[in-house]
Amino acid sequence: MAPVTRASLDKQPHEVASMFDDVAERYDLTNDVLSLGQDRRWRKEVAKAVDARPAQKVLDLAAGTGTSSLPFARTGAYVVPCDFSLGMLQVGKRRQSWLPYTAGDATRLPFRDDVFDAVTISFGLRNVQDTDAALRELYRVTRPGGRVVICEFSHPTWAPFRTVYTEYLMRALPPVARAVSSNPDAYVYLAESIRAWPDQPALAERLRKAGWSRVAWRNLTGGVVALHRGFKKG
């Protein structure tokens with residue numbers, strides 16, 4: 001099993017953005033294949049947790065091509081897909097030109113204070129260079145009483161399954177990615193970032209430190225993915 005090294009994970013923001021630019025064209029297809037179709041179920045659970053309503057403002061951070069934003073838009077909410085990969089945004093704009101795609105850095109969001117009723121980020125927080133700064137920024141742009149929903153790869157709760165899952169990430173994922181992705185090396189980085197990510201209680205504590213209250217999480221697929229939620233005090 002390849003070791004996780006600081007050199008492999010400490011990419012500069014422009015390097016990460018370039019990596020996602022390279023995989024943008026087939027990103028959604030690759031995710032579907034690598035997750036064995038589970039990503040569709042995860043998106044549905046995110047939509048339920050966000051619980052967007054007509055006329056509410058929703059920030060979908062790390063939205064990529066905007067696939068994750070569509071369930072919010074269908075509720076009648078005003079959703080802003082935001083990402084720092086221009087390649088992702090360009091692909092999304094070709095597919096759903098009516099969405100207000102916005103380029104933005106998670107640690108310096110281009111929005112005023114107290115704007116959004118809900119903020120959410122799926123499978124993107126672990127790729128932000130400063131996780132705590134991003135959590136504070138999400139807090140800043142959320143209105144009092146608003147909510148955050150974070151969907152991120154996490155740590156399976158059953159030890160035997162955790163071993164199998166780790167083996168899949170580091171051994172099976174790269175060859176599968178080579179078959180379907182436009183930049184398979186990017187998925188080696190992504191696998192390593194998943195393995196190095198904090199577990200569920202640790203991420204919950206970071207949310208609290210960023211100011212969020214009533215923080216809780218729910219495991220999906222045995223803890224392969226976790227949904228964390230929190231609220232901004234009114």
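Is Asp-114 buried, partly exposed or exposed? Asp-114 counts as partly exposed, at 40% relative accessibility. This report covers side-chain contacts in a predicted model, starting with the salt bridge that Asp-114 makes with Lys-232.

## Lys-232 and its two contacts

In the salt bridge between Lys-232 and Asp-114, the closest N and O atoms are 2.8 Å apart. This pair links distant parts of the chain: Lys-232 is in the segment after β7 (225-231), Asp-114 is in the loop between β3 (102-103) and β4, and the two are 118 residues apart.

Another charge over a ring is that of Arg-214, which lies over the face of Phe-231 at 4.0 Å from the ring centre.

## Other salt bridges

The structure holds 11 salt bridges. One of them joins Arg-218 to Glu-45, with 2.8 Å between the closest N and O atoms. Arg-218 belongs to strand β6 (residues 213-220) and Glu-45 to helix α4, so the pair ties together parts that are 173 residues apart in sequence. Glu-45 is buried at 13% relative accessible area, while Arg-218 is partly exposed at 35%.

A further salt bridge forms between Asp-117 and Arg-143, where the closest N and O atoms are 2.4 Å apart. Asp-117 lies in strand β4 and Arg-143 in strand β5, 26 residues apart. The relative accessible area is 13% for Asp-117, which is buried, and 28% for Arg-143, which is partly exposed. Salt bridges with shared partners also join Glu-45, Lys-48 and Arg-218 into one network.

## Aromatic cluster

The structure holds five aromatic pairs. In one of these, Trp-42 and Phe-153 are arranged edge-to-face, at 5.8 Å centre to centre and with 90 degrees between the planes. Trp-42 sits in helix α4 (residues 38-50) and Phe-153 in strand β5 (residues 142-153), so this pair links parts of the chain 111 residues apart. Trp-42 is buried, with a relative accessible area of 4%, and Phe-153 counts as buried at 16%.

Phe-153 also pairs with Phe-123: the ring centres are 4.7 Å apart and the planes are at 40 degrees, so the pair is tilted. Phe-123 is in the loop between β4 (116-122) and α7 (131-141), 30 residues from Phe-153 in strand β5. Both Phe-123 and Phe-153 are buried. Trp-42, Phe-123 and Phe-153 form one aromatic cluster.

Note on methods. Residues numbered from 1 in each chain as written. Predicted model: local features only at pLDDT ≥ 70, side-chain atom pairs only at ≥ 80, totals over all residues. Heavy atoms only, no water. Phe/Tyr/Trp six-rings, centres within 6.5 Å; stacked < 30°, edge-to-face > 60°. Helix = DSSP H or I, 4+ residues; strand = E, 2+ residues; numbered from the N terminus. Buried < 20%, exposed > 50% of the residue type's maximum accessible area, 1.4 Å probe, protein only. Lys NZ or Arg CZ within 6 Å of the ring centre and 35° of its normal. Salt bridge = Lys/Arg side-chain N within 4 Å of Asp/Glu carboxyl O.
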